[in-house]
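Subject: Structure for your review

Dear colleague,

Please find below the structure that I am handing over to you. The findings follow directly after it.

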Amino acid sequence: MQYPIIDTHVHTWNLQKVEYSWLNENKTILNRTYLLDELTPEIQSAGVSRGVLVQAANNLEDTNYMLEQAVKYDWVDGVVAWLPLTDPVATARILENDFAANPYIKGIRHLIHNEANDAWLLQETVLESLSQLAILGIPYDLVGISLNHIETALKVAEKIPDLNMVFDHLNQPPIAQKEKFGRWGQLMQEAACHKKFYAKISGLGTSSGNFTDWTNDDLKPYVNFALENFGIDHCFCGGDWPVALLAGSYVKTWQAYQDILGSLLNEADQKQVLSTNASLFYNLKA
């Protein structure tokens with residue numbers, strides 16, 4: 001293999017330095033500090049070369065922590081940060097004064113799935129902030145978990161047609177229900193008609209609902225769906241560490257994605273999905 005595999009979805013969190021409100025009542029293995037020292041040897045075992053850190057809290061402390069870690073680890077190429085999108089003035093100030101000169105800022109995300117309002121992104125203030133991202137060419141990660149989140153994303157695309165957006169974890173396909181592909185599929189096909197929408201093949205082990213016994217065959221139809229509908233040039237992959245540990249090891253996750261893609265695509269197309277597309281979407285270093 002003559003190209004670097006890029007993991008576009010890596011988390012790291014430090015409970016001593018940052019407040020992660022969604023972990024306050026969490027009783028799983030996720031409720032502890034996860035440092036990149038723990039992941040680095042696993043990345044090598046999985047055949048992954050480079051990675052992008054993705055926000056895990058709706059605060060700037062999380063972003064600053066990720067930026068500190070990015071400098072320390074050679075394999076980290078970028079950070080998907082957080083911004084106070086409900087405050088477009090503050091968003092503009094941070095973009096200009098802090099993010100513009102930082103080579104690691106590659107995208108923006110907000111934990112919309114933790115908001116009570118599924119249409120959180122459609123607030124006028126948020127749309128104004130998202131418009132700023134579109135002007136600057138900064139992509140937005142959509143971490144949706146419901147059909148309403150896809151519908152909201154479609155409306156955002158209508159209002160801000162130049163904003164590049166990616167569906168993290170394929171917006172939770174109905175793997176657990178073994179549905180192929182229902183309303184999720186209809187909405188994702190509609191999204192795929194927009195050239196600015198991308199699909200991130202990630203988090204599918206946890207989406208399966210079968211944390212101990214999922215197989216490649218469980219995931220393959222949904223990966224194939226994404227490839228066929230969004231196109232080879234609009235899909236890329238992410239490991240979703242450490243969240244994906246709920247459903248198996250980092251190596252298992254990446255071996256599954258590589259095996260599935262190997263069974264569906266030729267070598268050139270595998271390179272697109274595992275490497276090239278991620279570099280282009282997040283404007284990563286060559």
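In strand β5, Asp-141 is the bridge partner of Arg-109. Strands β4 and β5 pair in the parallel sense over 2 bridges; two strands are said to pair if DSSP finds at least two bridges between them. Helices (H or I, at least four residues) and strands (E, at least two) are DSSP runs, numbered from the N terminus. This is a predicted model, in which local features need pLDDT of at least 70 and side-chain atom pairs count only at pLDDT 80 or more, while totals for chains, interfaces and linings use all residues. Residues are numbered from 1 along each chain as its sequence is written, and side-chain values use heavy atoms, with hydrogens and water left out.

Strands around β4

On another side of the pairing list, β3 and β4 also run in the parallel sense, over 3 bridges. Within β4, Gly-107 stands opposite Val-80. Two β-α-β units involve β4. One is made by β3, α3 and β4 and is right-handed; the other, made by β4, helix α4 (residues 124–136) and β5, is right-handed. A crossover is called right-handed if, with the strands pointing away from the viewer, the path from the first strand over the helix to the second runs clockwise. As 5 of the 5 residues of β4 are buried, this strand is largely enclosed by the rest of the structure. Buried means under 20% relative accessible area, exposed over 50%, and partly exposed in between (1.4 Å probe, protein chains only).

Salt bridges

A salt bridge is taken as a side-chain nitrogen of Lys or Arg within 4 Å of a carboxyl oxygen of Asp or Glu. By this rule the count comes to 7 salt bridges.

One of them joins the side chains of Arg-50 and Asp-77, at 2.4 Å from N to O. Arg-50 lies in strand β2 and Asp-77 in strand β3, so this pair ties together parts that are 27 residues apart in sequence. Arg-50 is buried, with a relative accessible area of 13%, and Asp-77 is buried as well, at 4%.

Another salt bridge is formed by the side chains of Asp-141 and Lys-200 (2.8 Å, N to O). Because Asp-141 lies in strand β5 (residues 140–142) and Lys-200 in strand β7 (residues 197–201), the pair ties together parts that are 59 residues apart in sequence. Both Asp-141 and Lys-200 are buried.

A further one brings together the side chains of Arg-183 and Glu-151, at 3.6 Å from N to O. This pair links distant parts of the chain, with Arg-183 in helix α6 (residues 182–192) and Glu-151 in helix α5, 32 residues apart. Arg-183 is partly exposed, with a relative accessible area of 39%, and Glu-151 counts as partly exposed at 29%. Salt bridges that share partners also join Arg-109, Asp-141, Asp-168 and Lys-200 into one network.

Helix α5

Leu-147 lies in helix α5 (residues 147–159) and is partly exposed, with a relative accessible area of 35%. Leaving aside neighbours within four places in sequence, Leu-147 is in contact (heavy atoms within 4.5 Å) with Arg-183, Trp-184 and Leu-187. Leu-147 and Asp-118 are 29 residues apart in sequence and 9.3 Å apart in space, C-alpha to C-alpha.

Lys-159 is also found in helix α5. Lys-159 is exposed, with a relative accessible area of 53%. With neighbours within four places in sequence left aside, Lys-159 is in contact with Leu-122 and Leu-127. The C-alpha atoms of Lys-159 and Leu-122 are separated by 9.2 Å, and these residues are 37 apart along the chain.

Helix α2

Helix α2 (residues 60–72) has 13 residues and reaches 19 Å from its first C-alpha to its last, close to the 18 Å expected at 1.5 Å a residue; the expected span is 1.5 Å times one less than the number of residues. The buried residues of α2 are Asp-62, Thr-63, Tyr-65, Met-66, Leu-67, Gln-69 and Ala-70. They pack against α1 (36–46), β2 (50–54), β3 (76–81), α3 (88–99) and β4 (105–109). At the start of α2, a side-chain oxygen of Asn-59 reaches to within 3.3 Å of the backbone nitrogen of Glu-61.

Yours sincerely

How values were computed:
A polar contact is a pair of N or O atoms within 3.5 Å; within protein, one must be able to donate a hydrogen and the other to accept it, and residues adjacent in sequence count only if both atoms are side-chain atoms.
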